[in-house]
Amino acid sequence: MNTFKPLSPSHPYVLLCISILSISLSSIMIKASDTPTSVAGMYRLFISVIVMLPFVPWKKLRFIEMRKKDWGIVFLAGLFLGLYFLSWMESLVYTSVASSMVILSLQPLFVMIGSYFIFKERANLVTILCLITALVGSVIIAWGDIGISREALIGDGLSLLGTILVSAYMLAGQKVSHKIDANIYSVIVFSLGGSVMLAYSLVHSYSLTDYHASEWTYFFLLALIPTIFGQYIINLLLKSLGAATVSVGIIGEPVIAIVLAYVFLGETISVIQFVGGMMTLLGMGVYFWAKSTSYTLAKHQI
């Protein structure tokens, strides 16, 4: 007997939607601030660590069966996260939200290739068609905003580097997700990632304290919304959904980010971008409908 129940707030795909919506706000917040991106990223991660510390089950550390190789992967994940934030946040200084986000939407492609070689995961035809539809939609979204100036090329290059780094971060997280608690893992990688940006800020002699109260509020909001409600939830979902499925949700980020850029930053939305957004949402919708149906069936099958 098969029964289907409404999606609860704790359902993986509900949590994934929350995380993607939260992460999408980060590009708008970064664009609206003049703070050096490495400083903002550093406080974004360090404040997240401070908020999460009381909820970390440190007693579980004694029962974690992690080898040196596994701890090495955790260290690399933190390094990848810091370099990803550094490169992607900096890309928004040189290029538009649309251009940066459409390149970031290539993440599922890199993750699926990595998943095939690392975890032997194969994508079926439906998944491939949905991914192609969503990616084409993302390209259409940013087509009118992709610049050819030197600054735009620098921004697009940084965004591409960030995409590769965050893909590596996701794969590293999935690799150790069954061996370490998500809270412990997140605090460790957030600390390492923040340390990367701290080192970068010190090398470039950026001030670490001389900021107005509004900027400190901005740092806190970056930590709370796109990091804890975004990146942390993604870390939590790597165990149950896997990096490939989680990364598909990232394709929806350009749609949400561009709508938010229109509302808060005054960036325009053309008819072509609207059509592209609908294609992206269609591809994602079919993909997650199929995944959610199979997940619900597996959970409630008797």
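**View 1. The end of helix α5 and residue K120.** K120 follows α5 and has a positive phi, near 60°. Helices here are DSSP runs of H or I with at least four residues, numbered from the N terminus. The model is predicted: local features need pLDDT of at least 70, side-chain atom pairs count only at pLDDT 80 or more, and totals for chains, interfaces and linings use all residues. Residues are numbered from 1 along each chain as its sequence is written, and side-chain values use heavy atoms, with hydrogens and water left out.

**View 2. The buried face of α5.** Q107, P108, V111, M112, G114 and S115 are the buried residues of α5. Seen down the helix axis, these residues fall within an arc of 165°, so they line one face of α5; the arc is that of the directions from the axis to the C-beta atoms. Buried means under 20% relative accessible area, exposed over 50%, and partly exposed in between (1.4 Å probe, protein chains only).

**View 3. Y116 in α5.** Y116 lies in helix α5, residues 107–119. Its relative accessible area is 38%, so Y116 counts as partly exposed.

**View 4. The salt bridges of D70.** A salt bridge is a side-chain nitrogen of Lys or Arg within 4 Å of a carboxyl oxygen of Asp or Glu. D70 pairs with R67, their closest N and O atoms being 3.7 Å apart. D70 is buried at 3% relative accessible area, whereas R67 is exposed at 52%. K179 also forms a salt bridge with D70, at 3.1 Å between the closest N and O atoms. Shared partners join R67, D70 and K179 into one network.

Definitions and conventions:
Helices (H or I, at least four residues) and strands (E, at least two) are DSSP runs, numbered from the N terminus.
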